[in-house]
Every structure is written in structure tokens, then in C-alpha cells.
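Hi everyone, thanks for coming.

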Amino acid sequence: MTDATMSSITAPPPPMASRRSPFGSVFIHAALIAASFAMLYPLLWMVSASVRPEDEIFSSTTLWPSSVDLSSYVRGWFGLDVSFGRFSWNSLVIAGLTVIGNVTACSLAAYAFARLRFAGRNFWFAMMLGTMMIPYHVTLIPQYVLFLDLGWVNTILPLVVPKFLASDAFFIFLMVQFFRGIPRELDEAAMMDGCGPWRIYWKIMLPLSLPVLATAAIFSFIWTWDDFFGPLIYLNDMNTYTIQLGLRTFVDSSSTSDWGGLFAMSTLSLVPVFFFFLFFQRLLIEGIATTGMKR
Amino acid sequence: MAAVQDSAIAVGAGAKTRPAAQGRLAAIWTKHGAGYMFLLPWLVGFFGLTLGPAVASLYLSFTSFDLIRSPEWVGAANYVRIATADPKFAASLKVTFLYVVLSVPFKLAFALLVAILLDRGVKGLTIYRAIFYLPSLLGGSVAIAVLWRQLFAGDGLINSLLAQIGIEGPSWISHPDYSIWTLVVLSVWQFGSPMIIFLAGLRQIPTDMYEAASLDGASKFRQFYKITLPLLTPVIFFNAVVQTIEAFKAFTPAFIISGGTGGPINSTLFYTLYLYQEAFGNFRMGYASALAWILVLIIGLFTAFSFLTSRYWVHYDD
């Protein structure tokens, strides 16, 4: 047996980079750094433009402002009839309620699919998967008519109530996958001790599922915060606008006149998402890697 | 005696059937009821917000409906008009197909390329991965669409950069030949999430395969074509289907960049944007419902086609 095969048996397989020349590794880093910079450049430029003096925004392609001037933030904040404080609050309420709705309703359904035995379970599970495939445009118009008849247009109800009915089937699927990985012995032991399904759900499944619940909560928040289509359809009164609708109104009304204010408010609207990215990156990336999420 | 006894037993049995039936009901309830209790919110949503509306929308697609007067049955007139006499439908379909065909392959190619570079065990993998993923996370927001509108404007950042090397760029977003490309670039910029899925897929490929191959003297290129690519085809297939469906449904960037018009000259009139205009701009709810069902048909046909052809190129390990 040669030394090469011996070492590959006794030692863990070397990372592929170690077999590459140092030149190759430098080249890869150079390419990756250049790509990272190109990717981030527009974002950094926008943040930098938001703190620039107004007359400097378009004259400069550099990222470092000559002086920091926060007046764009003040102008932007009060740039419309209703302030961005109101829009942010509206967004926060909708996103917060969506998180609660998704986590409770989807975990209930997921527990039923993953653990309980009942007639028709496989049928309903297939139906649930089916709803994930259907584009929402199909249900859009009758839903609108329904909410219009209920007098819910211009309220947050059409955006929030469906979440309490587990309308984001994707999260059910995500949780079912996770619940199935929890050892069944735990439920069985609890059942022997006389626990019913509710207590098992509450005392065993949920506490053991915090990672998946957190992933669902964070993605719910980000997607709702960024959602444009739903608010565009259901919210027509400026007092009810979300931050995304506020930005859209800003871009249409001021068009080219106040880019500083627009960039300031755009930057601000990205802050919560960036916060989650910074602190919960691992959960987000694992969520995507294991389920193949679209975003 | 025996007969009497039998009948007594029969009577006794008959008297017992009621509690027995109740017992059975209770047993059915304990066996199946809990499941349905947990499923109740979803079931209400399924019937009230998905199945009911889907059936209603199929009905509405055969009517003329403006939200004020009740729907009026028009037969297949909506579909006939879509197929034969609606230039905007044709335009939006063309724009959407163009967008799908341009954005998905570029996005997946970038995602795969970067994933392969990162999988070489480079130092700082998590930092690079995070940086490349960030645009995917932020990209769906209005803020990024607003930024894009500035970047590719006549006096925008891209043209300022081009001016520094002596090129005078056009106003990309207001030129009908280029506007779709700004949206394609925006989509490709968000290659982060397919990249993460590719990375996860690459990690599944056992390293001893590469070791065996290099012992046999296979070059890096040959290893890529003979090992990496075939074993990654299920992931490529998955990403391609998901990204294509997403591309068909894209809305926000085209809406913001064109100011809701789909212009210039319908060059960014995504299918979903046209549907929105018909439903909530012109209040042709019946017509828009027909458009929605055609979208379902297109996505369904595409998905079926993908699955049918997949067995000729997707390598499933068994």
C-alpha cells in the first residue's frame, strides 16, 4: 500500500485547497473579493448618498462622503403628508402579527401532519403541498372581493388574518420536516405518562423546535416587511401605508427632485432586514440550504 | 331454552348497541378528532382562502365583472379575446418569457460558479457566503428597486462610472431595448440563495470520489464534468424549477422601475403587472381572472415539461 492511500485512510481527507498552489488560492481570493465589492457597491453607494450633502449625490461615484450630513433623513422622514414614523409603525404591526400568526397556526398544522394519526391525513397533506404550487394570482381576485364585502379594505385585516389560518403553507412544510426529526420516543414516553396531544405539542414539540420556529419567524418578518403587492392592493389610505408603500409614493411624487431623502428612507427601510441578517445569518442560511427557499 | 337464551342475548346485545356506538364515536374522536382540531385553522384557511377563491376565480374568468354590478356570464369570451385580440397580453407574455430566459440561466450560472469557488475550502467562506447572500435577502424590497431606478437612469451611477472611462451610456431604464436588461441584472444580482443550495449540494458529494478519480489520473476539468456536474444535476434541476416559477411571478421591480406602467413601450410589462393593471387599474376582474388561470396553465405546463425532460439529464443516485 502506498503512502498516499495510507494517509488518506488514517487522516481525515485534506480540504481541497491544500492541494492547490498558493497562486491558485490568491487568484480565487482576488476574484471573490472583486465580486464581493461589485455586489456591495450599489448598496454602499446608496448608504453613502443618504448621508451626503444634497449637491454631492450625483457628482460622486466614490463611497466616502466629503462630509456627513443627516439632513436627508429629516427631509425624507417628513417628505410626505404622513411621516415615515407612521409607515414604519404600520409595517411593524403587520409584520409582528404575521409572525405570531404564522408561528402558531403553522406549528399546529405541522404537528397534526407530523405526529397525529387521523383519517385523511395524507390527503390533506397532499392538498397542503398543492397550495404551495398554486400562484397566488388565482385566489387574488375572489379574496379581494371577499375582504371588500367584509369591509376590511384599508385595514390590516386582509394582510394579517390569513396568517392565523396558516395560509403560508411553506412554513407548515418547513416545520413538518423539523418535527419529523424529533425522536418519537419522547412523545411516546409522555403519552405513557398520560399526556394528551395538546400537552405534548406545548411541552415537548415547541420547546424542542425553537430553531425552526425562529427561522419561520424571521423569514415571516422579512417577507412581510418587504411585501409590496399585498399592501398595494389592500391599503389605499396613506395613514395605513406600510414603509414599502411610503417609498413607492415618495419615488412617484418627488421623482427626481429629492433623491437624498429617498435614499435616506430606502436605507432606513433596509435596517430591520439587515439586523436579522447580521444576527441570525446562520439560521437563515441553514433554512435555505435545507429547504431550498426561493429567497 | 336455547332459543330463549339466544333471544335474550340478542336483546341484551341490542340494548348494548347504544353505549357501544357512543363508545365507538368516542374512540373515533380520540383517534381522529385531535388531528382535526390541530388542523382546524389550516382547514378553514384552505376552504375559505384557497379552494373557495380558486373555484370562484375559475367562474369569474367566464364572466364580465367590475366589482360594482354582479358578474355577467360571457362564456369563453375573455379567453378568446386574450388569445386573439389583446396585443398587451402578447407583449406581456413576450417580456415575461424574455425575462425568464435571460435571468434564470445567468443567475444559476453565477450561483454555481461562485459556489464551486467557495467549495474549494477557501478561508473566510462564511464571510463571502454572507456577502453574496445579502442581495438575495434585500433584493425583494422597494428600496432596492428604487436604487436600481437611479443606478440605470440617464444621469445615474452606472453612466457616471461609464463616463469615467469615456463611454456615454444611454438612459437604460427609459430605452425599450435596454430596460428589460436592468431587471435581468437585478435578478442575477440576487444569485445568493441558489448559491447556498448549490453549496449544500456540493457538500453532499463524497470526497473519496475525487480522490479515486485523481488517483486514476483524471484532470480537474474531467473531474468536474464527470463527477461534480452529474451528481449536482438534481440540485440544478431544483434550482432551475424554483427560480423559473419565481421569475414568472416577479412583480415589484418592474412596477417600481416603470412607475407601474410597464413602459417604455411595454418593454417591462411583466405578466403579473399586466394582470394587476387589468384587475386594479381597469377593474376588469373577470378578464384578470382569466389571465390568472392562463398563468397557472403556463407555470403548470412548464413544470410538467421540466419533470418529463428531467429523466434524460438529471442523475438520480440509487
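Let's start where the chains meet: 73 residues of chain A and 75 residues of chain B take part in the contact, with two residues in contact if their C-beta atoms, placed from the backbone, lie within 7 Å. On the side of chain A that touches chain B, there are 51 nonpolar, 14 polar and eight charged residues. Here Ala, Val, Leu, Ile, Met, Phe, Trp, Tyr, Cys and Pro count as nonpolar, Asp, Glu, Lys and Arg as charged, and the others, Gly among them, as polar.

A quick word on conventions. This is a predicted model, so local features need pLDDT of at least 70 and side-chain atom pairs pLDDT 80 or more, while totals for chains, interfaces and linings use all residues. Residues are numbered from 1 along each chain as its sequence is written, and chains are lettered from A and ligands numbered from 1 in the order in which they are written.

Now the backbone. Most residues other than glycine have a negative phi. A166(A) is not a glycine, yet its phi is positive, about 55°. You'll find A166(A) in the loop between α7 (157–164) and α8 (169–180) of chain A; helices are DSSP runs of H or I, at least four residues, numbered from the N terminus.

Over in chain B, I265(B) also has a positive phi, near 45°, and sits in the loop between α11 (252–257) and α12 (271–281).

Are these two residues buried or exposed? A166(A) is buried, with 29 other C-beta atoms within 10 Å, whereas I265(B) is partly exposed, with 13. The cut-offs are 20 or more for buried, 12 or fewer for exposed, and partly exposed in between, with C-beta atoms placed from the backbone.

Terms used: Helix = DSSP H or I, 4+ residues; strand = E, 2+ residues; numbered from the N terminus.
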